[in-house]
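Hello,

Here is the structure I promised to pass on to you. Have a look at it first, and then read on for what turned up in it.

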Amino acid sequence: MNSPLKTPLCDLLGCDVPIVLAGMGGVARSELVAAVTSAGGFGLLGMVRESPDLIAAEIARVRNLCTRDFGVSLIPAATPPELFAAELAVCIAAQVPAVALFWDLSLEAIARLRAASILVLCQVGSTDEARAAVKAGAQVIIAQGAEAGGHVRGTTPLRALLAEMVPQLQVPVLAAGGLVDGNDVAQVLAMGAQGAVIGTAFLATEESFAHDYHKQRIVDAPLGAALRTRAFHVNWPPDADVRVLPNSVTEGRRGDPFSGTRTLIGHEGARRIWLFSTDSPLRDMTGDFEAMALYAGEGVGGITTIVPAAERLRSICALAEQVLGSAPGDLAKDVTNADEDAEPASCVCYARQSDDLYAGFAPREEILVFLNELLEAERAGARITARTALDAKDERLVALMQDVRRDEAHWCAMLLRWINALQGTASPRIGDFYGKCLAISDLHERARFINRGQGWVVKRLKAMLPRIRDDALHADLTAMLDGHDENIRRSETLLCGPSAAGAAS
Ligand SMILES: Cc1cc2nc3c(=O)[nH]c(=O)nc-3n(C[C@H](O)[C@H](O)[C@H](O)COP(=O)(O)O)c2cc1C
């Protein structure tokens with residue numbers, strides 16, 4: 001999918017649209033993650049305090065359900081240290097593409113994940129926290145505004161937080177908190193966020209693991225219903241605020257949350273659910289759901305139906321596209337491929353298959369296989385250059401990688417248009433090149449390898465071009481060849497020049 005909402009972060013995460021499913025503990029399980037991810041967004045499995053076995057099984061289930069990248073969300077401060085170490089080990093062993101961390105900053109966790117080449121996202125509630133996370137190695141920051149559902153880290157409203165944070169950070173910033181529709185998403189993108197993290201609106205979907213009771217309470221809640229409280233505190237660090245819907249606990253009808261008495265209110269299998277705990281009602285629970293933590297963000301009044309997650313994602317994106325399309329400001333500067341609206345030649349050009357074969361031209365089927373092969377390679381190129389730009393310290397290497405990334409994204413869009421015009425099916429795959437490159441931790445070596453990948457594309461183009469009959473496709477592929485030649489030359493100058501060694505660190 002080539003969405004006008006696309007931001008550079010999409011290349012980094014490997015998604016089509018900059019919509020991230022929040023890693024909601026208990027709620028964001030494999031079914032929901034796969035639904036959001038398959039629809040073009042990026043899903044985070046909410047795995048706070050889960051057993052290593054469950055995490056491994058959930059990762060495997062997502063991989064069974066979809067072929068695209070996703071992440072796992074963990075909370076060091078809310079997890080016993082031994083369990084947390086085991087959770088990290090599972091994520092590393094499974095080589096999940098990304099891990100999102102929340103609450104206290106764990107330098108050790110970030111270092112372990114980075115050493116394993118796993119992309120690290122940190123959710124924070126203030127700019128100071130964001131700076132500390134970036135210093136510790138976080139590659140993406142999730143700015144959580146005070147409007148958020150679930151545990152709320154800071155006190156600053158989202159838009160004020162973005163206005164302060166975005167200009168100060170060198171890494172992509174995602175916005176979270178109270179975002180439920182395309183208007184909200186368009187606004188935060190316009191403020192410089194590279195994507196939106198959405199929790200509550202995805203909780204009320206068919207695939208979420210929340211109990212139907214919780215989903216219905218979200219749908220029934222009026223505007224402004226969600227409130228902030230510390231009443232749900234059992235099994236979390238002290239003094240932690242959560243945003244929930246009002247219930248007998250928040251109204252004080254279940255006694256003093258801090259009296260120390262334990263009241264059993266439910267079960268999840270053999271696990272006991274205590275009154276005032278942070279557990280929210282899940283599909284596999286029984287008990288007094290009304291008294292549990294009914295997490296919801298401030299946008300809750302805008303959610304009036306329970307729909308499939310893909311439908312929610314699509315309607316959010318459709319409205320955001322509409323809003324951004326009519327916005328006077330130039331949002332396109334951050335939106336990849338926005339300059340590519342020229343229609344290529346139609347598939348009619350390929351009607352005379354037998355003539356083509358006779359003249360030595362490639363038939364439509366062969367061209368489609370070729371275009372898809374290039375598409376997978378360019379996707380891999382766009383992602384690895386985005387990732388390398390983020391990891392590199394040297395400004396020249398960062399600039400080079402950013403330029404190459406922009407070009408690769410441009411070629412992806414061109415290839416997709418031609419595949420559509422030839423009535424083919426675009427491959428959803430990302431070339432193996434991405435994994436191979438990512439395994440190279442020395443950025444100097446990695447940049448050389450990326451250049452070899454560009455050389456491979458040039459070779460494939462040179463072999464195919466004489467067999468392309470359609471003039472417009474020929475011209476597009478020639479431009480792609482020239483673009484790659486130019487980038488190879490630029491890279492060689494930087495990587496083989498006198499200060500090459502410094503350039504790659
Ligand atoms: C039910 C629920 C559970 C959550 N659990 C987690 C969690 O385990 N880890 C985490 O990083 N954030 C968690 N959050 C917070 C989200 O990451 C995100 O900040 C929030 O959902 C954004 O606000 P919104 O719900 O208004 O979209 C949770 C939020 C909700 C609603």
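This is a predicted model: local features need pLDDT of at least 70, side-chain atom pairs count only at pLDDT 80 or more; totals for chains, interfaces and linings use all residues.

**What was found**

You will find Ala 39 in the loop between helix H2 (30–38) and strand E2 (42–46). Apart from its neighbours within four places in sequence, Ala 39 is in contact with Ala 309, Ala 310, Leu 313 and Arg 314. By contrast, 25 Å separates the C-alpha atoms of Ala 39 and Phe 102, two residues that are 63 apart along the chain.

**The chain as a whole**

Now a step back to the overall picture. The chain has 18 helices and 14 strands, and its C-alpha trace spans about 85 × 50 × 45 Å along the principal axes. A compact globule of 505 residues would have a radius of gyration near 23 Å, so the 24 Å of this chain agrees with that. Of the 505 residues, 50% count as buried. If you take the contacts between residues at least 6 apart in sequence, 67% of them join residues at least 24 apart.

**Two domains**

The chain is divided into domain 1 (1–328) and domain 2 (337–503). Their C-alpha centres lie 35 Å apart. Where the two touch, 12 residues of domain 1 are in contact with 17 residues of domain 2. The domain 1 side of that meeting place has four nonpolar, five polar and three charged residues.

**The core**

What does the largest nonpolar core look like? It has 151 residues, and those with the most contacts inside it are Val 99, Ala 143, Leu 174, Ala 175 and Ala 196. Helix H14 (residues 395–421) gives the most to this core, with 13 residues. Both domains take part, since the core draws at least three residues from each of domain 1 (1–328) and domain 2 (337–503). As general background, nonpolar side chains tend to be buried together in soluble globular proteins.

Leaving aside its neighbours within four places in sequence, Ala 196 is in contact with Pro 18, Ile 19, Val 20, Leu 174, Ala 175, Leu 179, Val 185 and Val 188. Among these partners, Leu 174 and Ala 175 are also on the list of residues with the most contacts inside the core.

**Around the ligand**

Which residues come nearest to the ligand? Of the 30 residues around it, they are Gly 25, Gly 149, Gly 150, Gly 199 and Gly 297. Strand E7 (150–152), strand E9 (195–198) and helix H9 (200–203) are the elements that give two or more residues to this shell. By class, the shell has 13 nonpolar, 16 polar and one charged residues.

Leu 371 lies in helix H13 (residues 364–391). With 23 other C-beta atoms within 10 Å, Leu 371 is buried. Setting aside residues within four places in sequence, Leu 371 is in contact with Leu 415, Trp 418 and Ile 419. The C-alpha atoms of Leu 371 and Gln 216, which are 155 residues apart along the chain, are separated by 46 Å.

Gln 139 is found in the loop between helix H6 (127–136) and strand E6 (140–144). Is Gln 139 buried or exposed? Gln 139 is buried, with 21 other C-beta atoms within 10 Å. Not counting residues up to four places away in sequence, Gln 139 touches Leu 119, Val 120, Val 171 and Leu 390.

**Two positive phi angles**

Most residues other than glycine have a negative phi. Ser 117 has a positive phi of about 60 degrees although it is not a glycine. This serine, Ser 117, sits in the loop between helix H5 (107–115) and strand E5 (119–124), and it is partly exposed, with 16 other C-beta atoms within 10 Å.

Asp 239 also has a positive phi, near 60 degrees. Its loop runs between strand E10 (227–229) and strand E11 (241–244). Asp 239 is exposed, with 7 other C-beta atoms within 10 Å.

Enjoy exploring it!

Terms used: Residues are numbered from 1 along each chain as its sequence is written. A nonpolar core is a set of buried Ala, Val, Leu, Ile, Met, Phe, Trp, Tyr and Cys residues joined through C-beta atoms within 7 Å. A residue is buried if 20 or more other C-beta atoms lie within 10 Å of its own, exposed if 12 or fewer, and partly exposed in between; C-beta atoms are placed from the backbone. Helices (H or I, at least four residues) and strands (E, at least two) are DSSP runs, numbered from the N terminus. Domain bounds come from an automatic or database domain assignment. Two residues are in contact if their C-beta atoms, placed from the backbone, lie within 7 Å. A residue is near a molecule or strand if its C-beta atom, placed from the backbone, lies within 6 Å of it. Ala, Val, Leu, Ile, Met, Phe, Trp, Tyr, Cys and Pro count as nonpolar, Asp, Glu, Lys and Arg as charged, and the others, Gly among them, as polar. The radius of gyration is taken over C-alpha atoms; the globule rule is 2.2 Å times the number of residues to the power 0.38.
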